[in-house]
Amino acid sequence: MVAGRVGEGDGYGGYRTRLVETLQQKGIRDLAVLRAIGTVPRHLFVPESVRHRAYDDVALPIGGGQTISQPWVQARYLELAALTGRERVLEVGGGSGYQTALLALLSDAVFAIERIPSLAHAARAALEASGIRNVTVLVGDGTLGWRPFAPYDAVLVAAASPEIPGPLVEQLAPGGRLIIPLGDRNAQVLTVAQRVGPDVRTSTVADVRFVPLLGEFGFR
Ligand code: SAM
C-alpha cells in the first residue's frame with residue numbers, strides 16, 4: 001500500500017471529489033475504494049486529447065483501439081476484490097495503468113500484464129509520475145498469468161473472455177478471488193470466481209461490455 005501523497009496538491013482535487021460523489025450516488029459504498037479514487041490523478045493516465053474528460057464517469061480512448069474503463073465499473077471491480085492492503089494482485093489488461101494505480105493503493109503488490117507494448121510503456125510512465133512504486137507492469141499474454149509471482153490473492157481481468165483462462169485459476173491462492181467479464185465479443189456478465197478448497201465457485205454480478213481478451217486462453 002502507498003501512503004499519502006499521491007495526487008496531493010495537483011489542482012485536480014475538486015474534480016476527484018466530484019467523481020467520488022458521483023460514484024457514491026451510483027451506489028459505490030466501500031470507503032477505501034472511494035478514498036483511492038479520490039487520490040489517484042486519473043488525468044495522468046489518459047491521452048492529452050481527452051484529459052478534459054478524465055474525471056467524468058465514462059470510458060475514454062487510450063490508443064491502440066483500447067479504452068480506460070468507466071470509473072464506476074472500476075470501482076465495482078475493486079469492491080468485489082474486497083482488498084485489505086495485504087494482497088498480491090494480478091491484473092490482466094493493464095491498459096492505461098489507472099486501475100493498476102488504484103489497486104496499488106489498496107493492496108501490497110500489483111503485477112499488471114498488458115499485451116500492447118506502447119500502452120504498457122505509457123502506463124509505467126503515468127504510475128511513475130503518480131509516485132506509485134508497488135507495481136510491476138509486464139508486457140505479454142495475460143491469459144497465461146505470470147507464474148514467477150504466483151499465487152495471487154486476487155486476479156482482476158479487464159477484458160472480455162469466452163471462459164475463465166485455466167492458468168489464472170491455477171495461479172489463484174486458496175480463498176482468492178478472480179473477477180472477469182465472461183461472454184461473447186458483444187456482451188458479457190461480470191463474474192466473480194473464488195477458489196474454495198479444490199473447487200471454484202462462481203457468482204454473477206452485472207451485465208457489462210468490455211474489449212476482448214486476446215490470447216491463448218481468451219479470444220483467438
Ligand atoms: N483497466 C484498464 C485501465 O485502467 O485503463 C483498462 C483496460 S482495457 C478495458 C483492456 C486492456 O486489456 C486493453 O489495454 C488490452 O490491450 C488488454 N488486453 C487484451 N487482451 C490481453 C491479454 N491477453 N493480455 C494482456 N492484456 C490484454
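The structure is a predicted model, in which local features need pLDDT of at least 70 and side-chain atom pairs count only at pLDDT 80 or more, while totals for chains, interfaces and linings use all residues. Residues are numbered from 1 along each chain as its sequence is written, and side-chain values use heavy atoms, with hydrogens and water left out.

## The largest pocket

Rolling a probe the size of a water molecule over the atoms shows where empty space is left. Here the search ran on a 1 Å grid over the protein atoms alone, where a pocket is an open set of points with protein on both sides within 12 Å along at least five of seven lines, in contrast to a cavity, where a 1.4 Å probe fits but cannot get out. Grid points are joined across faces, edges and corners, and a volume is the space filled by probe spheres set on the points. The largest pocket holds about 530 Å³ of space. Its lining, meaning residues with an atom within 4 Å of a point, comprises 36 residues, of which Q66, G93, A158, A159 and V211 are the closest to the centre. Two or more lining residues come from each of β2 (66-68), α3 (71-81), β3 (88-92), α4 (98-106) and β4 (109-114), these elements being DSSP runs numbered from the N terminus (helices H or I of at least four residues, strands E of at least two). By residue type the lining divides into 18 nonpolar, 13 polar and five charged, where Ala, Val, Leu, Ile, Met, Phe, Trp, Tyr, Cys and Pro count as nonpolar, Asp, Glu, Lys and Arg as charged, and the others, Gly among them, as polar.

## Salt bridges

Six salt bridges are found in the whole structure, each a side-chain nitrogen of Lys or Arg within 4 Å of a carboxyl oxygen of Asp or Glu. The table gives some of them, with the relative accessible area of each partner; buried means under 20%, exposed over 50% and partly exposed in between (1.4 Å probe, protein chains only).

| Pair | N to O distance | Relative accessible area |
|---|---|---|
| R16 and D10 | 2.9 Å | R16 3%, D10 28% |
| K26 and D57 | 2.6 Å | K26 41%, D57 13% |
| E79 and R76 | 2.9 Å | E79 17%, R76 22% |

For the salt bridge between K26 and D57, K26 sits in the loop between α1 (13-25) and α2 (31-37) and D57 in the loop between α2 and β1 (60-63), so the pair ties together parts that are 31 residues apart in sequence. The salt bridge of E79 with R76 is placed otherwise, since both residues lie in helix α3, three residues apart, which is about one turn of the helix.

## Helix α3

Helix α3 is largely enclosed by the rest of the structure, because nine of its eleven residues are buried. The buried residues of α3 are P71, V73, Q74, A75, Y77, L78, E79, L80 and A81. Just after α3, A82 takes a positive phi of about 50°.

## Aromatic pairs

A pair of aromatic rings is described by the distance of the centres and the angle of the planes. The whole structure contains seven aromatic pairs, for which rings of Phe, Tyr and Trp (its six-membered ring) must have centres within 6.5 Å, with planes under 30 degrees apart counted as stacked, over 60 as edge-to-face and the rest as tilted. One of these, between Y12 and Y55, is tilted, at 5.8 Å centre to centre and 40° between the planes. Y12 lies in the segment before α1 and Y55 in the loop between α2 and β1, so this pair ties together parts that are 43 residues apart in sequence. Y12 is partly exposed at 26%, while Y55 is buried at 9%. The pair of F111 and F149 is stacked, at 4.2 Å centre to centre and 15° between the planes. F111 belongs to strand β4 and F149 to the loop between β5 (135-139) and β6 (152-157), 38 residues apart. F111 is buried at 8% relative accessibility, and F149 is partly exposed at 27%. Y12 and Y55 also form one aromatic cluster together with Y15.
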